[in-house]
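The sequence and the coordinates are shown first.

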Amino acid sequence: MATIKRFTEIVAWQKGRELVNEIYRLTREGAFSKDWGLKDQIQRAAVSICSNIAEGFERSGNKEFSNFLWIAKGSTGEVASQLYHAKDNGYIGDETFNNLQEHLKLISAMLYNLIVSIKSSTLKDQRYK
């Protein structure tokens, strides 16, 4: 594995950032923008993905980083669930729903693979050489 010097180099973080931008775009439109509870929750859950990747990366070691990656992975499930509510209420259509669900599956898989890689690494307290 190549050395990661900044959390912004982590592809799962980059994909999470794309997701956040899309969620914010969607929640600024139509009836979704007026559903304050769902709008706030889905935005916060999406941001949580990136935030936990970044926070874990800045911690002191592999174990803490892995713990924060698990939290980020959990947030992908939270966003996925909230998208069902958005779809059920007519805030998003089937195509948008399906595209975002696929995006979340990709991020979740990337996070899982990163966790497995970190846990199997013999390097400790170094940034993933």
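What percentage of the contacts in the protein chain with a separation of 6 or more comes from residues 24 or more positions apart? The share is 73%, where contact means heavy atoms within 4.5 Å. The model is predicted: local features need pLDDT of at least 70, side-chain atom pairs count only at pLDDT 80 or more, and totals for chains, interfaces and linings use all residues. Residues are numbered from 1 along each chain as its sequence is written, and side-chain values use heavy atoms, with hydrogens and water left out.

**Overall architecture**

The protein chain contains 4 helices and 0 strands, arranged along the sequence as α-α-α-α. Both element types are DSSP runs numbered from the N terminus, with helices being H or I of at least four residues and strands E of at least two. The C-alpha trace spans about 50 × 20 × 20 Å along its principal axes. Of the 129 residues in the protein chain, 42% are buried; buried denotes under 20% relative accessible area, exposed over 50%, and partly exposed the range in between, with a 1.4 Å probe and protein chains only.

Helix 4 covers residues 94–120, and its 27 residues should span 39 Å at 1.5 Å a residue, which agrees with end C-alpha atoms 39 Å apart. The expected span is 1.5 Å times one less than the number of residues. Among the buried residues of helix 4 are Phe97, Leu100, Gln101, His103 and Leu104; the list also includes Ile107, Leu111 and Ile118. The cover over these buried residues includes helix 1 (11–27), helix 2 (36–57) and helix 3 (62–88).

For helix 2, the 22 residues should span 32 Å at 1.5 Å a residue, and the end C-alpha atoms are 31 Å apart, which agrees.

Lys39 belongs to helix 2 and is buried without a salt bridge, that is, a side-chain nitrogen of Lys or Arg within 4 Å of a carboxyl oxygen of Asp or Glu. The nearest side chain of opposite charge is that of Asp40, 8.4 Å away; Lys and Arg count as positive and Asp and Glu as negative, while His and the chain ends are not counted. Beyond its neighbours within four places in sequence, Lys39 contacts Thr27, Phe32 and Ser33.

Asn52 also lies in helix 2 and counts as buried because its relative accessibility is 10%. Leaving aside neighbours within four places in sequence, Asn52 is in contact with Phe68, Ile71 and Ala72.

**Aromatic pairs**

The whole structure holds 5 aromatic pairs. Rings of Phe, Tyr and Trp (its six-membered ring) pair if their centres lie within 6.5 Å; planes under 30 degrees apart count as stacked, over 60 as edge-to-face and the rest as tilted. Two of the pairs are tabulated here.

| Pair | Centre distance | Plane angle | Class |
|---|---|---|---|
| Phe7 and Trp13 | 5.3 Å | 70° | edge-to-face |
| Phe32 and Tyr91 | 4.9 Å | 25° | stacked |

Phe32 lies in the loop between helix 1 and helix 2 and Tyr91 in the loop between helix 3 and helix 4, so this pair ties together parts that are 59 residues apart in sequence. Phe32 is buried at 2% relative accessible area, whereas Tyr91, at 22%, is partly exposed. In the other tabulated pair, Phe7 is partly exposed at 24% relative accessibility and Trp13 is buried at 13%.
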